[in-house]
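Try each task before you read its solution.

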Amino acid sequence: MSDLGPGRQRLHEVIFEADTPAGKAFDVVLLDYYMPGTNGVEVLRELGHRGIDAQLATKESRKGEMVPRLDEDLIELYEELRGTKDGVGVGALIDGMCGGCHLKLTAAEVLDAKRTDPSRCIHCRRILVI
Ligand SMILES: [Zn+2]
């Protein structure tokens, strides 16, 4: 998009400056399809990438704050599970269902999971947040 005319380049700058304070996405974007040197689809694609990049940066920042406060063994287990469980090492237990494998645990299985540290899903062995 570097070959835009000065007017369109300024429009893009205004759009990008208005974009995503703390990763907030647009509700509505109105664009012309035909633009000098680009088109509305390309501009939308760029805006989408910027939103994803902002969300990733926010999450990486939060992770950087949290990791030093966690037990090293727990982090090692989490990383091992992520590597073998399609990138998902933790699942929240919601309404008796593991957020990792989406299988239900019985009340007795939940009690068993609570007795281990960390709590683990009996079905997928991911860490359970109970
Ligand atoms: Zn599970």
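The exercises go from the whole chain to single residues.

This is a predicted model: local features need pLDDT of at least 70, side-chain atom pairs count only at pLDDT 80 or more, and totals for chains, interfaces and linings use all residues. Residues are numbered from 1 along each chain as its sequence is written.

**Exercise 1.** State how many helices and strands the protein chain has, and give their pattern.

Solution. Helices (H or I, at least four residues) and strands (E, at least two) are DSSP runs, numbered from the N terminus. The protein chain has 4 helices and 5 strands. Along the sequence they follow α-β-β-α-α-β-β-α-β.

**Exercise 2.** Find the partners of strand 3 and the sense of each pairing.

Solution. Two strands pair if DSSP finds at least two bridges between them.
- Strand 3 (residues 90–94) pairs with strand 5 (residues 127–129) in the parallel sense, over 3 bridges. Here Gly91 faces Leu128.
- Strand 3 also runs antiparallel to strand 4 (residues 97–98), joined by 2 bridges. Here Ile94 stands opposite Met97.
- The hairpin of strands 3 and 4 has 2 residues between the strands, and Asp95 takes a positive phi near 50°.

**Exercise 3.** List the residues of the largest nonpolar core.

Solution. A nonpolar core is a set of buried Ala, Val, Leu, Ile, Met, Phe, Trp, Tyr and Cys residues joined through C-beta atoms within 7 Å. Buried means that 20 or more other C-beta atoms lie within 10 Å of a residue's own, with C-beta atoms placed from the backbone. The largest core has 6 residues: Leu81, Cys98, Leu105, Cys121, Ile127 and Leu128. Of the 130 residues in the protein chain, 8% count as buried.

How values were computed
Buried ≥ 20, exposed ≤ 12 C-beta atoms within 10 Å, placed from the backbone.
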